[in-house]
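Subject: Structure handover

Hello,

Here is the structure we talked about. Please open it first, then read the notes below.

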Amino acid sequence: MTDKKVALVTGAAGGIGTEVCRLFLENGYKVVATHRPGKEQQATNWLQEENLADKDIQLLALDVSDHNGVSEVLAETLRKLGHIDVLVNNAGITRDATFKKMTFQQWQEVMDTNLNSLFSVTQPIFNQMCEQGSGRIINISSVNGLKGQYGQVNYSAAKAGMIGFTKALAAEGARFGVCVNAVAPGYTATPMVTAIREDVLDSIKATIPLKRLATTEEVAGAVLYLAGEYGGYITGETLSVNGGLYMK
Ligand code: CAA
């Protein structure tokens, strides 16, 4: 049991997740950082490489797309920790292809990891937050869930679904003091984005009014804001951090 606020971040190792962990640690939270089962060694290396190993951070193997596994692991984690105060649903994958060529497997994998995981991961933690009468849930959606993106029918559908989930759960959580919001990053300097073919990425960058990618710090800062004292009156909202790429 800890007196500190506990933040659980899914898909913590890499990109936006890493920066979210770092900012929470710098701001006095205890962090539970989830990674894929079977990747224990990589996760331990990640802590070393990011200079996080001596911080108040705990690794947790969690396959967010495995409903039964998630229920068991989170029940045990909640029993040990006593409380989780902030949940950041950050785990996400891409399986980009034009719709004509997209396989059902590419559709299903993105749905399972990016959207169905929200049910499995959030429900036990939301219930505990309601019992304690406070909590913040922040879902990492995407600009492409708002505007749609060529080659991402699966991803855009899942990320848009996260926004509907956010609004509906915010309506249910309010009476229990639980705020639920989404952050919709634009193209951010992460391995997921730098993996895009260079010519394609150049043409995307040209369409961004700020003419550059977001830094992971700029996205993580929005998450920290929604989790903290000054975010207390915001719920059901989607905060865009996209360099002007899409203005709602
Ligand atoms: N709008 C209209 N037409 C487009 C287009 C666009 N945005 N992008 C490509 N096209 C056209 C191309 O010009 C091409 O036309 P022609 O056949 O007439 O030449 C045709 O579509 C096929 O394009 P590709 O050559 O790119 O097709 P491909 O099968 O090789 O690749 C793809 C398809 C994998 C989807 C590739 O286009 C791609 O990687 N697109 C980027 C997808 C993207 O933005 N992913 C974001 C990943 S990062 C992320 O998701 C994080 C986040 O939240 C922002």
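Gly15, Ile16, Glu19, Val20, Leu23 and Phe24 in helix 1 meet Thr216, Glu217, Val219, Ala220, Gly221, Val223, Leu224 and Ala227 in helix 9. Contact means heavy atoms within 4.5 Å. Helices (H or I, at least four residues) and strands (E, at least two) are DSSP runs, numbered from the N terminus. By class, this contact of helix 1 with helix 9 has nine nonpolar, three polar and two charged residues. Here Ala, Val, Leu, Ile, Met, Phe, Trp, Tyr, Cys and Pro count as nonpolar, Asp, Glu, Lys and Arg as charged, and the others, Gly among them, as polar.

Two notes on the source. This is a predicted model, where local features need pLDDT of at least 70, side-chain atom pairs count only at pLDDT 80 or more, and totals for chains, interfaces and linings use all residues. Residues are numbered from 1 along each chain as its sequence is written, and side-chain values use heavy atoms, with hydrogens and water left out.

Back to the pair. Helix 1 (residues 15-26) and helix 9 (residues 216-227) pack at about 50 degrees, with axes 8 Å apart. Axes are lines fitted to C-alpha atoms, for helices over the stretch in contact, and angles run from 0 to 180 degrees between N-to-C directions. The two helices are therefore oblique to each other (under 35 degrees is roughly parallel, over 145 roughly antiparallel, 65 to 115 roughly perpendicular, the rest oblique).

Strands pair if DSSP finds at least two bridges between them. Strand 5 (residues 135-140) and strand 6 (residues 178-185) pair over six bridges, in the parallel sense.

Now helix 4 (residues 104-132). The axes of helix 4 and helix 6 (residues 153-173) come within 8 Å and cross at roughly 15 degrees. That makes helix 4 roughly parallel to helix 6. Their contact has 14 nonpolar, six polar and two charged residues.

Best wishes
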